[in-house]
Amino acid sequence: MNDTMFNALGNEHRRELLLDLLESNPQTVAAQIPAGGETAQVDADRELQIAMYHTHLPKLEDQGFVRWDKDTGEVVKGPQFEEIRPLLECVTELTKR
């Protein structure tokens with residue numbers, strides 16, 4: 001195991017995306033935040049979207065854990081996904097307890 005894998009799992013949003021890919025490949029990351037709802041929730045959703053697009057997805061893609069189509073928002077397992085799979089399976093088992 002190396003620091004890159006732990007770094008990828010260190011953020012809850014990256015971890016959730018990787019765990020989702022473990023269960024279902026591909027995943028779609030919303031390109032737009034729907035209008036309406038409480039302002040605080042819309043602001044939080046917008047912040048998450050910005051973080052996903054500018055930080056989390058590029059980081060996971062650079063590490064090879066995902067491939068990301070910026071135009072469609074589709075995220076698929078990357079060439080290095082199998083390296084992180086054992087850690088993801090361990091996290092899945094721990095959360096079932």
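This report walks through the fold, sheet, core and a few local details of a predicted model.

## Overall layout

Of the 97 residues in the protein, 33% are buried.

If you care about contact order, here is a handy figure. Among contacts with a separation of 6 or more, 54% are made by residues 24 or more positions apart.

## The sheet

The three strands form an open sheet in the order β1-β3-β2, and the pairing is antiparallel. β1 (27-28) and β2 (66-69) are the edge strands; each has a single partner strand, so one side of each is left without a neighbour in the sheet.

Now for the pairings themselves. β1 and β3 (residues 74-77) are joined in the antiparallel sense over two bridges, and Q27 has V75 as its bridge partner in β3.

Which residues of β2 are on its covered face, and which on its uncovered one? V66 and W68 belong to the covered face, and R67 and D69 to the uncovered face.

Helix α2 (residues 12-23) lies across β1, β2 and β3, and runs at about 70° to β3.

## The nonpolar core

The largest nonpolar core has 21 residues, and the members touching the most other members are L18, V75, I84 and L88. At least two core residues come from each of α1 (3-9), α2, α3 (39-62), β2 and α4 (81-96). Helix α2 provides the largest share, with five residues.

Leaving aside residues up to four places away in sequence, L18 touches A8, L9, L60, F65, V66, F81, I84 and L88. Two of these, I84 and L88, are also listed with L18 among the residues that touch the most other core members. V66, another residue touched by L18, is on the covered face of β2.

Y53 lies in helix α3. Is Y53 buried or exposed? Its relative accessibility is 18%, and because the cut-off for buried is under 20%, Y53 counts as buried.

The structure holds one aromatic pair. The ring centres of Y53 and W68 are 5.1 Å apart and the ring planes meet at 75°, so this pair is edge-to-face. Since Y53 is in helix α3 and W68 in strand β2, the pair ties together parts that are 15 residues apart in sequence. Both Y53 and W68 are buried.

Y53 also has a polar neighbour: a polar atom of the Y53 side chain lies 3.4 Å from the backbone oxygen of V29.

Is A51 buried or partly exposed? With a relative accessibility of 23%, A51 counts as partly exposed, as that class starts where buried, under 20%, ends. A51 and H13 are 38 residues apart in sequence, and their C-alpha atoms are 9.2 Å apart in space.

## Backbone details to check

Two backbone features deserve a look. Most residues other than glycine have a negative phi, and most peptide bonds are trans. The peptide bond from N25 to P26 is cis, with omega near 10°, and P26 is placed in the loop between α2 and β1.

The other feature is in the hairpin of β2 and β3. This hairpin has four residues between the strands, and G73 takes a positive phi near 80°.

Definitions and conventions
Residues are numbered from 1 along each chain as its sequence is written. Side-chain values use heavy atoms; hydrogens and water are left out. Two strands pair if DSSP finds at least two bridges between them. Contact means heavy atoms within 4.5 Å. Axes are lines fitted to C-alpha atoms, for helices over the stretch in contact, and angles run from 0 to 180 degrees between N-to-C directions. A nonpolar core is a set of buried Ala, Val, Leu, Ile, Met, Phe, Trp, Tyr and Cys residues joined through side-chain atoms within 4.5 Å. Buried means under 20% relative accessible area, exposed over 50%, partly exposed in between (1.4 Å probe, protein chains only). A polar contact is a pair of N or O atoms within 3.5 Å; within protein, one must be able to donate a hydrogen and the other to accept it, and residues adjacent in sequence count only if both atoms are side-chain atoms. Rings of Phe, Tyr and Trp (its six-membered ring) pair if their centres lie within 6.5 Å; planes under 30 degrees apart count as stacked, over 60 as edge-to-face and the rest as tilted.
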